[in-house]
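Visitor: I am new to this structure and would like to go through it slowly. Could you show it to me first and then take my questions?

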Amino acid sequence: MEQKEQWGSRSGFILAAVGSAIGLGNIWRYPYVVYENGGGAFLLPYLIALFTAAIPILLMEYAIGHKKRGSAPLSYKRLSDRFEWIGWWQVLVSFVIITYYMVIIGWAASYTYFSMGTQWGDDTQSFFLSQYLNVGEDFWSFGGIQWQILIPVILVWALVYWVLHRGVNRGIELASKILMPLLIVLLIIFTIRAITLPGAMDGLDVLFTPDFSKMLNTDVWFAAYGQVFFSLSLGAGIMITYSSYLKKKSDLANSGMIAGLANSGFEFLAAIAVFGALGFLAVQQNVAVTEVVSSGPMLAFVVFPNIINAFPSLNSLFGVLFFGTLVFAGFTSAVSLLEPGISAFKEKMNISRKAAVNWICGLGLLVSIAYTTRSGLSLLDIVDNFVNKFGILFSALVAMILIGWVGKQLNPLRDHINSVSDIQVGKWWIVMLKFISPLILSYILISGTISEINEPYGDGGYPISALSIFGYGLVIALIIGAFLLQMKKWPPIQSSDEKERHKHGA
Ligand code: PFF
């Protein structure tokens, strides 16, 4: 067994945690989620989700990883032998996410290149769908690998692999220390340019004009919780893994607050930049802003190239800046999405870090190939929808119930946070995790499931067979997989470590 790896400094940990949080979710996802769910009125569900659920859960994950000092499965096992599967479930969730997340970074890398000379031409939609993705007619005829996608995807995998191979300190921490400040500078440049474009204010009006009627809609709450959890990298074993690399005496509460607020600040700014730019495009095309907004991948890869075409000058440069920002933001998040699997695999199989990196990255790359076929876009959209809702949110709910009610671990975890932190976490934390969040999340998940069944995802655009297999089927397979992984025996070294801990009453 190798020595347990550690962050070099507290700021290294915070930057890595922020690097994980700030990703495609902030630039590519947040703006359209806000727009689709009531604009300014979305802010209320968003803030409620952030303060009553996400930040408390973030601290809970920090506390579990820091106190139990293991990968997600091992840390959960150390809380209670019956909980290990939750850790595996979350590891599997992060693994599924990374397999398509890398593909989006691959698209962004291609588009960084296409920006030079705005190679997408005037019809950016048909460039994206027909020329680049080469989307097929029928979901089930996958139609072979699209090399123009696979090659950049392999390239991104290779870079991420290299960083992970270098380890926690010389790889993840160093990459975060370089990329995070760069990202913030890029975003500031981009925001200033966007809000000084003619028409920008019309875009911001649309973003901030609240549609309060939407707040009564449970789907809006579902979206708010989904966004906050995705954006803060919760429910995927990441924060447990990252905090397990902290030194014994490290502040948790303060770091959690910084990470939570930095992430929201970043996405807020990104939304302002994106909507400012959309307002500009609307003015150029003489249409309403609502006509130019698009959801999902289309916003970044169809609408943005259009905006860049319309820029008064330096089009290529701003294209490279925008897509480069997406690549950089995605990169440190991608690294973080792989780390839960690497650390869990390394511990359970009792292999070296490098061997675990080889296995997890190799397997991940293989699965990624499915998204580089002609049905990749649809597959990605289906998996993304189901894994977020019924992977991240559901596993976080189950974790809260098991820890709060079954294992009765919240008080000891709070004592742990308070013993190492400057800011003391009050009783409110327990109230949120034991009562408020589980109640709200259960309600959202139940009503969300009912509406998902009544109105299958994608407005009839996807065959039910595809939704059953890659949506519901996948969600169930992850839970079964988690139990199977729990059944495999731990190597003696982890078990003896276990006895040691019990002896010392840990
Ligand atoms: N938080 C990152 C983002 O917003 O893109 C990456 C991410 C991590 C997404 C973990 C989802 C997740 F479960």
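**Contacts, burial and packed helices**

Visitor: Leaving aside its neighbours within four places in sequence, which residues is serine 333 in contact with?
Guide: This is a predicted model, in which local features need pLDDT of at least 70 and side-chain atom pairs count only at pLDDT 80 or more, while totals for chains, interfaces and linings use all residues. Residues are numbered from 1 along each chain as its sequence is written, and side-chain values use heavy atoms, with hydrogens and water left out. Contact here means heavy atoms within 4.5 Å. Once the neighbours within four places in sequence are set aside, serine 333 is in contact with Gly19, Ser20, Ile22, Gly23 and Tyr101.

Visitor: Is serine 333 buried or exposed?
Guide: Serine 333 lies in helix H15, where helices are DSSP runs (H or I, at least four residues) numbered from the N terminus. A residue is buried under 20% relative accessible area, exposed over 50% and partly exposed in between, with a 1.4 Å probe and protein chains only. Because its relative accessible area is 2%, serine 333 is buried.

Visitor: At what angle do H7 and helix H15 pack?
Guide: Two packed helices are described by the angle between their axes and the distance between the axes. The axes are lines fitted to C-alpha atoms, for helices over the stretch in contact, and the angles run from 0 to 180 degrees between N-to-C directions. For H7 and H15 (residues 315-349), the axes are 10 Å apart and the angle is about 60°.

Visitor: How are H7 and H15 placed to each other?
Guide: Angles under 35 degrees count as roughly parallel, over 145 as roughly antiparallel, 65 to 115 as roughly perpendicular and the rest as oblique. The contact is made by residues including Trp157 and Val160 of H7 and Phe331 and Val335 of H15, and by class it has 10 nonpolar, no polar and 1 charged residues. In these classes Ala, Val, Leu, Ile, Met, Phe, Trp, Tyr, Cys and Pro count as nonpolar, Asp, Glu, Lys and Arg as charged, and the others, Gly among them, as polar. By their angle, H7 and H15 are therefore oblique.

Visitor: How many nonpolar residues does the contact of H5 with H20 have?
Guide: H5 and H20 pack at an angle of about 135°, with their axes 8 Å apart, and they are therefore oblique to each other. The contact is made by residues including Trp85, Trp88 and Trp89 of H5 and Leu474, Leu478 and Phe483 of H20. Its residues divide into 1 charged, 2 polar and, for the nonpolar class, 12.

Visitor: Which residues in helix H6 are buried?
Guide: Helix H6 spans residues 124-132, and what covers its buried residues includes helix H5 (84-115), helix H7 (147-165) and helix H14 (297-310). The buried residues of H6 are Thr124, Phe127, Phe128 and Tyr132.

Visitor: Within what arc do the buried residues of H6 fall, seen down the axis?
Guide: An α-helix has 3.6 residues a turn, so residues three or four places apart point the same way. In H6, Thr124, Phe127, Phe128 and Tyr132 are buried. Seen down the axis, these residues line one face of the helix, because the arc, taken from the directions from the helix axis to the C-beta atoms, is 95°.

Visitor: How far apart in space are phenylalanine 268 and proline 31?
Guide: Phenylalanine 268 has its place in helix H12 (residues 253-285), and it is partly exposed, with a relative accessible area of 34%. Apart from its neighbours within four places in sequence, phenylalanine 268 is in contact with Tyr30, Leu43 and Phe208. Phenylalanine 268 and proline 31 are 237 residues apart in sequence, and C-alpha to C-alpha their separation in space is 8.3 Å.

Visitor: Is asparagine 286 buried or exposed?
Guide: Asparagine 286 is found in the loop between H12 and helix H13 (289-292), and its phi is near 60°, a positive value in a residue other than glycine. At 72% relative accessibility, asparagine 286 counts as exposed.

Visitor: Near what value is phi of aspartate 459?
Guide: Aspartate 459 sits in the loop between helix H19 (428-454) and H20, and at 78% relative accessibility it counts as exposed. Its phi is positive, in a residue other than glycine, and is near 50°.

Conventions
Helices (H or I, at least four residues) and strands (E, at least two) are DSSP runs, numbered from the N terminus.
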